[in-house]
Amino acid sequence: MTITIPFDNSYARLPDRFFTKMPPATVPAPALIRFNHTLAAELGIVPGDPDEMAQIFSGNVLPDGADPLAQVYAGHQFGGFSPQLGDGRANLLGEVAQGGARYDIQLKGSGPTPYSRMGDGRAWLGPVIREYIVSEAMHALGVPTSRALAAVSTGENVYREQGALPGAVLTRVASSHIRVGTFQFFAARRDLDGLQALYDYTLTRHYPHVEDPVELLHAVVERQIGLITKWMSVGFIHGVMNTDNTTLSGETIDYGPCAFLDVYHPDTVFSSIDTHGRYAYANQANVIVWNMAQFATALVPLMPDQEDAVEAFTRIIHAMGPKLEAAWLHAFGKKIGLADTKAEDLDLIIGLLQRMAEGRADFTNTFRALIDGQARDQFLDPTAFDSWEADWRARLASEEAPNDVMKAANPVFIPRNHRVEEAIAAAVAGDYSVFERLLDVLSRPYTDQPDASDLRRPPEPAEVVQQTFCGT
Ligand code: AMP
Ligand code: MG
């Protein structure tokens with residue numbers, strides 16, 4: 001059977017200065033590691049045999065209908081503006097339109113482009129396995145995200161700090177790869193025609209009901225508030241919330257140094273390059289406000305009256321803090337069993353989180369253990385929990401079905417860092433079974449799976465992952 005991808009490539013029809021049209025690089029010996037048949041079916045993709053899919057998802061053979069290109073964008077990286085970034089190791093093969101939605105099919109690790117700067121355009125197996133696991137887990141957790149369609153090994157080494165490592169390519173699927181940084185690219189060059197074309201394209205693709213830039217900012221802000229709240233509620237730390245990694249679609253993209261909390265602490269940072277904790281767990285809610293302010297700035301030239309624009313945009317940005325707090329309160333209320341949280345519940349939630357931080361409690365296991373009354377065992381000093389529990393039980397008395405609320409809000413399984421590392425180490429040694437098992441269990445993260453209780457266990461001291469790396 002021959003693979004069929006029903007391409008319909010709209011980004012490729014934008015003006016030339018939006019991208020560089022070019023094919024992915026070829027690789028010597030591609031082999032299919034995994035293909036996501038469920039996702040393929042949703043996209044109307046008919047799979048082929050493994051050899052053919054390895055050729056296509058490594059970039060060696062272009063499928064019919066592809067119009068490959070590398071996108072250009074800009075972005076604030078750790079607060080500093082880079083006027084030109086772009087797909088330095090990615091290639092957009094094209095898009096498929098399915099069920100009223102449109103999805104990018106992009107290869108990542110597909111060779112150098114004009115935007116590669118000092119990079120080699122390649123990926124090694126580790127980040128490919130990591131992104132596959134974490135993006136699919138995020139989807140199953142109910143967090144808007146890019147997906148993983150395929151992983152292929154290339155048969156060629158790439159060279160990183162650790163030495164020679166096996167190369168790989170990930171195929172990712174996203175509602176689009178339009179970033180805040182894409183708007184910044186055109187705004188910074190004062191390319192008004194480009195900015196207008198991008199704006200029109202974004203509305204058609206993501207916000208058909210939006211009528212002006214103020215409404216667009218409002219709509220994107222709402223999606224980002226929803227997204228960051230979900231990150232916080234599952235203990236996710238993105239690690240590089242640069243404006244070039246903040247999407248207009250409101251999906252999570254770019255799983256580089258991301259990680260999940262084990263022990264709860266609001267200041268947790270894993271990324272090796274985030275030395276000042278700009279993208280620490282709890283700071284993500286502040287950073288998204290900053291990123292949206294940069295987006296607003298890029299939209300100003302589109303407004304007929306720029307003073308009015310600044311006033312309207314400022315109002316939206318200033319409203320973000322209280323909205324984020326309200327969304328956060330609601331989400332964390334659910335985690336302790338409150339279907340409809342009231343402002344007075346804030347102290348109760350904060351009281352638990354403070355005790356968790358002091359008691360070195362595991363984020364995921366503590367919340368889940370509230371359901372079966374085992375949570376006190378998660379604290380270094382269980383009596384700290386007892387002093388909170390009485391107030392909590394009193395508040396729960398007026399709730400109808402707190403256990404159902406908690407079961408839906410508190411996953412049993414997350415992709416724990418040490419398990420992801422274990423899957424990568426096994427894959428490098430040629431054994432993909434650890435990866436496959438992790439994917440299978442994480443596809444049902446809210447379901448108790450007694451056979452997989454080992455995947456609930458927090459890391460032993462020797463297993464704790466201290467740092468994660470962009471290390472593509
Ligand atoms: P990220 O941290 O994934 O957002 O990437 C930041 C920028 O660095 C993007 O423009 C990437 O395309 C580029 N980049 C990252 N890794 C590589 C690589 N191995 N080769 C070329 N460019 C890269
Ligand atoms: Mg990026």
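How many cavities of 30 Å³ or more does the count come to? The count comes to 2, with a cavity taken as a set of points, on a 1 Å grid over the protein atoms alone, where a 1.4 Å probe fits but cannot get out. Volumes are the space filled by probe spheres set on the points, which are joined across faces, edges and corners. The model is a predicted one, so local features need pLDDT of at least 70 and side-chain atom pairs count only at pLDDT 80 or more, while totals for chains, interfaces and linings use all residues. Residues are numbered from 1 along each chain as its sequence is written, chains are lettered from A and ligands numbered from 1 in the order in which they are written, and side-chain values use heavy atoms, leaving out hydrogens and water.

The largest cavity comes out at about 50 Å³. Its lining (residues with an atom within 4 Å of a point) includes Gln-224, Leu-227, Ile-228, Trp-231 and Ile-288. Helix α6 provides the largest share of that lining, 4 residues; helices here are DSSP runs of H or I with at least four residues, strands are runs of E with at least two, and both are numbered from the N terminus. Sorted by class, the lining of the largest cavity has 6 nonpolar, 5 polar and 1 charged residues. Nonpolar covers Ala, Val, Leu, Ile, Met, Phe, Trp, Tyr, Cys and Pro, charged covers Asp, Glu, Lys and Arg, and the others, Gly among them, go down as polar.

The second largest cavity holds about 30 Å³ of space. Val-27, Gly-109, Arg-122 and Glu-156 are among the residues lining it. Strands β8 (147-160) and β9 (163-174) each give two or more residues to this lining, and β8 has the largest share, with 3.

Then there are the pockets, a pocket being an open set with protein on both sides within 12 Å along at least five of seven lines. The second largest pocket takes up about 540 Å³. Its lining runs to 22 residues, with Met-232, Ala-282, Glu-325, Trp-328 and Ile-350 lying nearest the centre. At least two lining residues come from each of α6 (213-234), α7 (284-299), α8 (306-335) and α9 (346-358), and α8 gives the most, 7 residues. By class, this pocket's lining splits into 17 nonpolar, 4 polar and 1 charged.

How do these helices sit against one another? The axes of α6 and α7 are 10 Å apart, at an angle of about 160 degrees, where axes are lines fitted to C-alpha atoms over the stretch in contact and angles run from 0 to 180 degrees between N-to-C directions. That makes the two helices roughly antiparallel, a label for angles over 145 degrees. Contact (heavy atoms within 4.5 Å) brings residues of α6, including Leu-216, Val-220 and Trp-231, up against residues of α7, including Ile-288, Met-292 and Phe-295. This contact has 14 nonpolar, 2 polar and no charged residues.

Helices α7 and α8 pack with axes 10 Å apart and an angle of about 165 degrees, and are therefore roughly antiparallel to each other. Ala-285, Ile-288 and Met-292 are among the α7 residues that meet α8, where Phe-313, Ile-317, Met-320 and Leu-324 take part. The contact of α7 with α8 counts 11 nonpolar residues, no polar and no charged.

Notes:
Angles under 35 degrees count as roughly parallel, over 145 as roughly antiparallel, 65 to 115 as roughly perpendicular and the rest as oblique.
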